[in-house]
Amino acid sequence: MTQKVLVVDDNPDMTRFLARLIGNALHLETPVAGSAEEALEILKKNTVHCLLVDMKMPGMDGMELLRNIKKNDASLPVIIMTAYGAIETAVEAMKEGAYDFITKPFEEERLLHTVRRALEHEHLLRRNLDLERRIKEKEKEIFFVGESPRMKELIDTIKLVARTDVTVLITGETGTGKELAAHMIHSLSSRLGRPFVVVNCPAIPENILESELFGYRKGAFTGANTDREGLFQTAQGGTLFLDEIGDISATLQAKLLRVLQERELKPLGDTTTRKIDVRVIAATNRDLEAGVAAGLFRSDLYYRLNVVSVRTRPLREIPEDIPLIAYHFLSLFCTELGLGPKKFSDDAIRFLVSRQWKGNARELQNLIKRAVIFSKNDLLTQEDFGSSALAVAVSEEAPELYGLEYKERRKKVLTTFNVEYITHLLQSTEGNVSLAAQTAGIERQSLQQLMRKYGINSGVFRKDAEKK
Ligand SMILES: Nc1ncnc2c1ncn2[C@@H]1O[C@H](COP(=O)(O)OP(=O)(O)O)[C@@H](O)[C@H]1O
Ligand SMILES: [Mg+2]
């Protein structure tokens, strides 16, 4: 977009001259106004990046116009033009927030230079404001949403725990916000600004997990070609989040216990120990106590980890919070995808509240994300929840399916789901298969296989399809 400089002067020769000078030299658009009142009208309807304003005008003068503009948009630069010798006015204008002033008659080069600088300044300011807004949005993501007594209790516990430096064990079903809780504890603690390192224990093979956590020296084992820093070291000064700790081996349990007790560790193959200053937060969706009783998890490690415990809530225990959490996800995704605000219909909210959420908040989040991507309307209704809405409908409202064998029924549901899902997906990417696969989080080949299976041709979704 070409930047716009609005020139305001009651002398038409002057506005014409300035508009031509700035327009030609800086390749900018230069609308003009013959009075302050006219300038305000233009500002109401147009985006302007800088103003050049004459001080002395009949009616509203330049100073008054400046005050008016600054009240509405403090980051819009206004350059004031004053008569030679009217330095007091210029000083006053600067106090009122003018970006700079120019005395008439002026040198063209100096004027152009001032305008150029003002535009750069404006650009920077806007970018900073934008960044600030985006950081605020990000911050919103690391807080629990919910106002039920149970959620309030959870949030209060997190705030209390964050003020201490103790090890925390977070328990809760999948998708209930265990990682969110850990992140929030870190963000509210004095360790904010230091690393927050997440280790998804079951995702890393047993034999590698140990070297990942503690690091190793070159030659410690075959394949150790260089020294490698462990994740404890990476988290130095910050917080280490050990997710799904219930699955780690007995050997690793022993090593971890030692690190927690001694607050120091020795990388594999090293002879010297190093002090570590890391807060450990662990999480599990298993019943660790039962694991201890069954002899699968060391009791001494369990007590070390469980200095304080935090339990995150499945959605079925906080149904009254579902609408709030749903709206939270909705606004996050709309912002993320650069869309305007959207709303849920009453039946959509009823559907979301009454649904069984095995995957808890994460499942709710995924469902809403998909609905936002596929729906073209600003009002999301139950139908926008696609296959899940469909799956419910099949069991409750499709009696013609009841007589079929399980396999047949499943096939039918799957076909409906696949066809609907893939069609929507390709519609949203205008037939771009790679992008569609990426959006759906599957391999391109798998998507192509599905398309072949269900006879879906990406060509028909392309924008230029009609022309061919
Ligand atoms: N009450 C809540 N308010 C806002 N976001 C939530 C809430 N509960 C969970 N989330 C979000 O849901 C997603 C899943 O949570 P996560 O912490 O990964 O769950 P877990 O680790 O227990 O499987 C994350 O994006 C998290 O930020
Ligand atoms: Mg998790």
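## The ligand and its surroundings

A residue is near a molecule if one of its heavy atoms lies within 4 Å of it. In this predicted model, how many residues surround ligand 1? There are 18, and the closest are Val145, Gly175, Lys178, Arg362 and Gln365.

Let's look at the contacts made by oxygen atoms of the ligand. A polar backbone atom of Gly175 is 2.8 Å from an oxygen atom of ligand 1. For Leu180, a polar backbone atom is 3.0 Å from an oxygen atom of the ligand, and for Thr176 the distance from a polar backbone atom to a ligand oxygen is 3.3 Å. On its own, ligand 1 exposes 560 Å², and the protein buries 88% of that.

## Domains

Now for the overall layout. The protein is divided into domain 1 (5-138), domain 2 (149-313) and domain 3 (319-465). Between the centres of domain 1 and domain 2, taken over C-alpha atoms, there are 56 Å.

Which domains each give at least three residues to the shell around ligand 1? They are domain 2 and domain 3.

Leaving aside residues up to four places away in sequence, Leu40 touches Met60, Leu65 and Asn68.

Leu40 and Leu268 are 228 residues apart in sequence, and their C-alpha atoms are 71 Å apart in space.

## Aromatic pairs

The model has 10 aromatic pairs. One of them is formed by Phe374 and Tyr421. Why is this pair edge-to-face? The ring centres of Phe374 and Tyr421 are 5.7 Å apart and the planes stand at 90 degrees; planes over 60 degrees apart count as edge-to-face, so the pair falls in that class.

This pair also links distant parts of the chain. Phe374 is in helix α15, while Tyr421 is in helix α17 (residues 406-428), and the two are 47 residues apart.

## Two backbone details

Two loops are worth a look before you leave. Where is Pro105 found? Pro105 is in the loop between β5 (100-104) and α5 (108-141). The peptide bond leading from Lys104 to Pro105 is cis, with omega near -5 degrees.

The other detail concerns His27, in the loop between α1 (12-26) and β2 (32-33). Although His27 is not a glycine, it has a positive phi of about 55 degrees.

Definitions and conventions
Residues numbered from 1 in each chain as written. Chains lettered and ligands numbered in written order. Predicted model: local features only at pLDDT ≥ 70, side-chain atom pairs only at ≥ 80, totals over all residues. Heavy atoms only, no water. Contact = heavy atoms within 4.5 Å. Polar contact = N/O pair within 3.5 Å; in protein donor to acceptor, adjacent residues only side chain to side chain. Areas by Shrake-Rupley, 256 points an atom, 1.4 Å probe, with all protein chains shown as cover. Domains from an automatic or database assignment. Phe/Tyr/Trp six-rings, centres within 6.5 Å; stacked < 30°, edge-to-face > 60°. Helix = DSSP H or I, 4+ residues; strand = E, 2+ residues; numbered from the N terminus.
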